[in-house]
Amino acid sequence: MYLTCLDLVDEAEALALAGPGAEVFTVGGAVVAFGAAESVVVADAGDSVTASGVWNSGEFRLHGPGPAGLASRIWGADRRPSPHVFIRLAGTCVYLGTARPVRGEHSDDAFMFCVLSLDSPLDQEVLDRVRPPAPPPALPGLEWLDHVHTDRGRALELFAKGWFPATGTEGAEGAEGGEEAVADVPGSVPWALADFYRLAARRPALLGRQNTILPAGGLRPDESAERLVFGVENQGCWTWSYPWQPGATDADPTVWFEDDRPMPEQEPLSGFLLQFLLHEAALTAPYLATSQDVPRDSLPALEDCLRRVPLRPFLSPLAPTDFLVAPGLVADITPDWDETRLQVWIGATHRSALDPLRRLDIPWRTFDG
């Protein structure tokens, strides 16, 4: 059977493309069939971070867990041809063309996740049919931004509570039991970091998924024994530390970036910790908009949509990173090596937060809106 993109067939016809005797797997609501010459994926129209389906105009995602044999057929020793992708729609199936596996996760005994790149990207009208827009939830607000100049501890607390859900049963506002005390925070820890640990007791994600803030019991001296290491880059290439000596009383010390040689961050610890969370929010959010090649003269258009966080640049020893924000959205803005172009990485808690960016003339590499 010869098909062109957006042809309609019934599900039996779609699966028949895999040929007689095809192996069939069900994973994350999708049916995946592997034949000797062809492979087929059939999934529901929908929008979920945990179910298989179309993710954006150029991606289809398969969500496990599933049997290890599924991973082997997609990219392992028994790899089969790139699958034909179909989406169930109004009692039939719409054909989206073929899709190549580009990344995934699996273990020796289970398939976990796979991203398939659609060979024919979808226009917005088709995307809205096969991935119907979900009603937007309440987005984390910007109340915290008003406190950045006057009370950074309050700004960090409000941002953290908006972006990083508490674990376990949470009581009334202001009565989150686990945040009242953390037994293993030494009394010598500066107030900003001690407060951070209290928040992290109920929100362990604050300690980081991209980079890491060490737990209170893991603070350690650096090689000079003059500073305590409290943060580590994800591959261990560099650390962050603050000056330390017995009896030190600096409530908001300088943060030192340590790679080949120590260099000071531009913000003290209270500002750095807020920047750390903004960076984590942008990089680990479920929905992204990214570009590695944005002309610097596009920055005013971005700033028309977003608000600048009034802090000096973060990660200054590597590249000065500024942050722009909107409800449910954080943008990392970093200049390229020649200062004429920008690298932009935007994370959002929901697709709808990315909608204002559609009108911008930016060459998006990834756009999950």
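Which element supplies the largest share of the lining of the second largest pocket? In this predicted model, that share comes from strand 20, with three residues. Residues are numbered from 1 along each chain as its sequence is written. Local features need pLDDT of at least 70, side-chain atom pairs count only at pLDDT 80 or more, and totals for chains, interfaces and linings use all residues, while side-chain values use heavy atoms, with hydrogens and water left out.

A word on terms: a pocket is an open set of points on a 1 Å grid over the protein atoms alone, where a 1.4 Å probe fits, with protein on both sides within 12 Å along at least five of seven lines, and lining residues have an atom within 4 Å of a point. Volume is the space filled by probe spheres set on the points. Helices (H or I, at least four residues) and strands (E, at least two) are DSSP runs, numbered from the N terminus.

The second largest pocket holds about 350 Å³ of space. It has 17 lining residues, with H279, L315, T321, D332 and T334 closest to its centre. Besides strand 20 (341-348), helix 6 and strand 19 (329-335) each give at least two residues to this lining. Sorted by class (Ala, Val, Leu, Ile, Met, Phe, Trp, Tyr, Cys and Pro nonpolar; Asp, Glu, Lys and Arg charged; the others, Gly among them, polar), the lining of the second largest pocket comes out as seven nonpolar, eight polar and two charged residues.

On to the largest pocket, with a volume of about 730 Å³. Its lining counts 28 residues, and E59, R61, R103, L288 and T366 sit nearest the centre. Elements giving two or more residues include strand 6 (59-67), helix 6 (269-284) and strand 16 (287-295), but strand 8 has the largest share, with five.

Contact (heavy atoms within 4.5 Å) involves W191, A192, L193 and F196 of helix 5 and L269, S270, L273 and L277 of helix 6. By class, that makes seven nonpolar, one polar and no charged.
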